[in-house]
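Subject: The structure I promised you

Hi,

Here is the structure we talked about.

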Amino acid sequence: MLLVDRVVDFAGASAATECAPRSGAWYADARGNMPAWIGIELMAETIAIHVGLQKRGEGLPPKHGALLGTRSYRSAVVSFRVGEMLRICATMRFRDASGLGAYDCNIVCGGEEIATATVKVYEPGDFQSFLKGGST
């Protein structure tokens, strides 16, 4: 998927993106809003952008990664309102040599934090083998 609209910040261990929910999008509810559970995807995309930009800075090609899960995804809202700008921030908590990592993420709208989670990700050495359940 590609739901984020743009990268607005990238520095060291963090990245920030923006997204404005659209009323005609596939996810839109009856009022045209984005269900809050899609915030996990917005966070995952922001993490992928962070990792990709780090790789680029190291002169390496991007690789496929996997979202393993979240810890305590919490949203103060049921949906993200159409047209309101969301700022999604992801800060790397850790990443080890095996490719396992965790990011602290949040979504802010109008200066107010409306969703948070710790997102766990994995970047295997051999993504196709990982998908088949083999060694990485």
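Predicted model: local features only at pLDDT ≥ 70, side-chain atom pairs only at ≥ 80, totals over all residues.

Let's start with the largest pocket. It holds about 560 Å³ of space, and 24 residues line it. Sorted by class, that lining has 13 nonpolar, 5 polar and 6 charged residues. If you want to find the middle, look for Ala44, Ala48, Lys63, His64 and Gly65, the lining residues nearest the pocket's centre.

Which element gives the largest share of the lining? That's helix 1, with 9 residues. Helix 1 (39–57) is joined by strand 4 (66–75), strand 7 (100–109) and strand 8 (112–122) in supplying at least two lining residues each.

Because 8 of its 10 residues are buried, strand 7 is largely enclosed by the rest of the structure.

On one side of the pairing list is strand 6 (residues 86–95), which runs antiparallel to strand 7 and is joined to it by 9 bridges. There, Cys89 stands opposite Asn106 of strand 7. The hairpin of these two strands has 4 residues between them, and Gly99 takes a positive phi near 100°.

Strand 7 also runs antiparallel to strand 8, with 10 bridges joining the two. Here Asp104 stands opposite Thr118 in strand 8. This hairpin has 2 residues between its strands, and Gly110 has a positive phi near 60°.

Cheers

Technical notes:
Residues numbered from 1 in each chain as written. Heavy atoms only, no water. 1 Å grid on protein atoms, 1.4 Å probe; cavity = no way out; pocket = protein on both sides within 12 Å on 5 of 7 lines; lining within 4 Å. Points joined across faces, edges and corners; volume = space filled by probe spheres on them. Nonpolar A, V, L, I, M, F, W, Y, C, P; charged D, E, K, R; others polar. Buried < 20%, exposed > 50% of the residue type's maximum accessible area, 1.4 Å probe, protein only. Pairing = 2+ DSSP bridges.
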